[in-house]
Amino acid sequence: MNEIVEKKVWWQDAPAIKEFEVKAPWIAEKHQAGQFVVLKVSENGERIPLTVSDKDVKKGTINILFQEVGATTMTLGRLSKGDKILDLTGPLGKPTHIEKFGTVVCIGGGIGVAPVHPIAQAFKAAGNKVISILGARTKGILIYEERMRKTSDEVRITTDDGSYGRHGFVTDELKAMIESGMKIDLVVTIGPAIMMKMVCKVTEPYKIHTYASLNTIMLDGTGMCGACRVTVGGKTKFVCVDGPEFDGHQVNFDEMMARLRQYLDEEKLAREICQKNTCGVR
Ligand code: FES
């Protein structure tokens, strides 16, 4: 079992945003940018994928950041420093294809900023100019700004309510950059499915290659159950083993969003039950 050595609460209001630093030496050593872990909090609980947002190989720890939007993440959020995570498997998925492209724009929306962080680090280390666009609903829930500033040549912020940075969406900032004539060689986007879809819509007419890191429902995380399937370029792909990153211009986002909505009733019920009791965790 993997011990939580540090716990940080980024945002307390529901849905809360929390981050754990977890002892997992083997994963910390093997993990490459873009890869994720699958974890299970209680014996009868579901397995959920979370992307590794940071790591310390010397300490043998990885960081995972999550928002308490469902029963499992709420249960996870109740764990404290010193507690152990029942099951933690990884690293899973294909690493991001890293090379020197030139100027790489890394776009993170909401808690999607956290998984963008190691990818931005890797592109920077490969000699790219990294410009990051971080989006949040409001200033208070913007995460990882400091870390992203350390790993980017430039950071641009957008908030939906205009409380910090540009008033608007990450796509507004991206559009403005492209329309100003800036040469962009690659865009990487992670965040809500609708945001990634819109980012891809902005870059497609300009033929700017765009990686989208997909966050589908997952069960086994090893390509056997089919829960994470998506259509990319007209073909069925499994996010857990073929991804999580795909050519964003080829992804059928509408189908993916419909699949993400298919268990909403069950998720609501599980959340309500979890709010009333401890979901198997003290
Ligand atoms: S999670 Fe089961 S096939 Fe991907």
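How far apart do the C-alpha centres of domain 1 and domain 2 lie?

## Model and layout

The C-alpha centres of the two domains lie 21 Å apart. This is a predicted model: local features need pLDDT of at least 70, side-chain atom pairs count only at pLDDT 80 or more, and totals for chains, interfaces and linings use all residues. Residues are numbered from 1 along each chain as its sequence is written.

The protein is divided into domain 1 (2–94) and domain 2 (103–260). These bounds come from an automatic or database domain assignment. Helices (H or I, at least four residues) and strands (E, at least two) are DSSP runs, numbered from the N terminus.

## The antiparallel sheet

Two strands pair if DSSP finds at least two bridges between them.

S1 and S6 pair in the antiparallel sense over 2 bridges. Here glutamate 3 stands opposite lysine 84 in S6. S1 also pairs with strand S2 (residues 17–23), antiparallel, over 6 bridges. Valine 9 has lysine 18 in S2 as its bridge partner. S1 and S2 form a hairpin, with 5 residues between them.

Strand S3 (residues 36–40) and S7 run antiparallel and are joined by 4 bridges. Lysine 40 stands opposite aspartate 87 in S7.

Strand S8 (residues 103–109) and strand S9 (residues 129–136) run parallel, joined by 7 bridges. Valine 105 has isoleucine 131 in S9 as its bridge partner. Isoleucine 107 has isoleucine 133 in S9. How many residues of S9 are buried? The count is 7 of its 8 residues, and S9 is mostly covered. A residue is buried if 20 or more other C-beta atoms lie within 10 Å of its own, exposed if 12 or fewer, and partly exposed in between, with C-beta atoms placed from the backbone.

## A helix across both sheets

## Where the domains touch

In the interface, 20 residues of domain 1 are in contact with 19 residues of domain 2. Contact means that the C-beta atoms of two residues, placed from the backbone, lie within 7 Å. On the domain 1 side, strand S1 (2–11), S3, S4, S5 and S7 give two or more residues. S4 gives the most, with 6 residues. By class, this side has 11 nonpolar, 6 polar and 3 charged residues. Ala, Val, Leu, Ile, Met, Phe, Trp, Tyr, Cys and Pro count as nonpolar, Asp, Glu, Lys and Arg as charged, and the others, Gly among them, as polar.

Threonine 51 lies in strand S4. Threonine 51 counts as buried because it has 29 C-beta neighbours inside 10 Å. Not counting residues up to four places away in sequence, threonine 51 touches Phe36, Ala114 and Pro115. Its C-alpha atom is separated by 9.3 Å from that of asparagine 215, 164 residues apart along the chain.

## The nonpolar core

A nonpolar core is a set of buried Ala, Val, Leu, Ile, Met, Phe, Trp, Tyr and Cys residues joined through C-beta atoms within 7 Å. The largest one has 70 residues. Val37, Ile64, Val105, Cys106, Ile107 and Val199 touch the most other members. H3 gives the largest share, 7 residues. Why does this core lie between domain 1 and domain 2? Both domains give residues to it, so it lies between them.

Take valine 199 as an example. Leaving aside neighbours within four places in sequence, valine 199 is in contact with Ile107, Val170, Thr171, Leu174, Val187, Thr189 and Thr210.
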